[in-house]
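I opened the file to look up a few things. My notes follow, entry by entry.

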Amino acid sequence: MSTSPTMWDVAHAAGVSQATVSLVLRGQGGTRVSAQTAQRVRDTAKAIGYRGNATARALRDGVAEMVGFIGDQVASAPFAGRIVEGAQDRAWQDDQLLLVANTGGSDEIERAAVAQMLSHQVRRVVYASMYNRPVDVPAELREIEIVVLNAIDPTGEVWSVSPDEVAGGRDAVTHLVEHGHRRIAMINIETLESGLPAALGRHEGYRLALADAGIAYDESVVRFGGGGTPHGYALTHELMALPAPPTAIFCANDRTAWGAYQALAELGLRVPEDVSVVGFDNQDVLAPFMRPALTTMNLPFREMGWTATDLLLTGNATRTPANAGARAVTLRCELVVRESVAEPRSTS
């Protein structure tokens, strides 16, 4: 009768000690095992079909072979699949399952999800937000290993993984500058007083790109909306009614850009021949299908999910004392060039 491969079989095939295999497969290798050796152990275990006894390990170590994933809109947000896919792919590298809970923003459901995960000995959790914002991490989760995803922990006690909003805004506006635009407007998704990281960061990137090009910041061409299509529509009408209207508009999300498209069409102006437009988010149900297709910044959702889970599984998601300084990873957003940007129309 055939028997399942054991940890000793993995050690023999990989040419390492059983202790090394145990450390790697339990995610506790850290600096004691090189990255190359750890990968060899994982590859060998997968190749020979090794599957550990999850129940026994949970009883022995008090930790289940699962990574929890709690999010406020992970089942319905347009980008949710990519975040979960990245987290799941990284978890699976260590033969861990991803246990996903969608709270829909309900505090009651969130409390129930946390309680259920803790009762099943889940001791590593990704705490995700639909959009980049400060979040209050539940007290119960602060007792285990946790990484905040697409959000910021204001206390700085736990690791956070989020997009580099400043660099994203800078790259978006630089793209317009490189096409010869000097009169560049911005329609933001919130006021700066809101403290929303995306609004603050993308605005700061806008200012930096202008400064890089020697263009003075002009608050008369900066507008603050609410991130929806109606805001982009109304504020674009305002901008184009100025005595010196912009030749390009940087919209801080794609829904705002869609509103800008509608306003420009209503005014008899063409994108990009008359006005260039750049968005942010790269919503795959919107940006590629706008006419012309929208040039925008891609949020690295899959990479963020992967990175947050990697921090947990490599043992690097250690907490710090309050006010010791935030531990944050920011990932670069990629410019997706489509058809909505051209050189400004000559006025001569």
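How many bridges join strand S6 to S7? I found three, and the two strands run parallel. S6 covers residues 184-188. Strands here are DSSP E runs of at least two residues, helices are H or I runs of at least four, and both are numbered from the N terminus. Two strands count as paired if DSSP finds at least two bridges between them.

Ground rules first. I am working on a predicted model, where local features need pLDDT of at least 70, side-chain atom pairs count only at pLDDT 80 or more, and totals for chains, interfaces and linings use all residues. Residues are numbered from 1 along each chain as its sequence is written, and side-chain values use heavy atoms, with hydrogens and water left out.

**The sheet.** I traced an open sheet of four strands, ordered S7-S6-S8-S9, with parallel pairing. Strands S7 (222-224) and S9 (276-278) are at the edges; each has a single partner strand, so one side of each lacks a neighbour in the sheet. The twist averages 15° from one strand to the next.

I saw helix H8 (residues 197-212) lying across S6, S7 and strand S8 (248-251), at about 170° to S6. Helix H9 (residues 229-240) also packs on the sheet and touches S6, S7 and S8, at about 150° to S6. Angles run from 0 to 180 degrees between N-to-C directions, with axes fitted to C-alpha atoms, for helices over the stretch in contact. Contact means heavy atoms within 4.5 Å.

**Inside H8.** Its buried residues include Pro-197, Gly-201, Gly-205 and Tyr-206. Buried means under 20% relative accessible area, exposed over 50%, and partly exposed in between (1.4 Å probe, protein chains only). The buried residues of H8 pack against helix H7 (165-178), S6, S7 and S8. After H8 comes Gly-214, with a positive phi near 75°.

**Leu-196.** Is Leu-196 buried or exposed? It counts as buried, because its relative accessibility is 14%. I placed it in the loop between S6 and H8. Its C-alpha lies 5.6 Å from that of Arg-133, 63 residues away along the chain.

**Cores.** A nonpolar core is a set of buried Ala, Val, Leu, Ile, Met, Phe, Trp, Tyr and Cys residues joined through side-chain atoms within 4.5 Å. The largest has 63 residues, and Tyr-206, Phe-250 and Val-277 are among those touching the most other members. Helix H11 (residues 301-313) gives the most to this core, with six residues.
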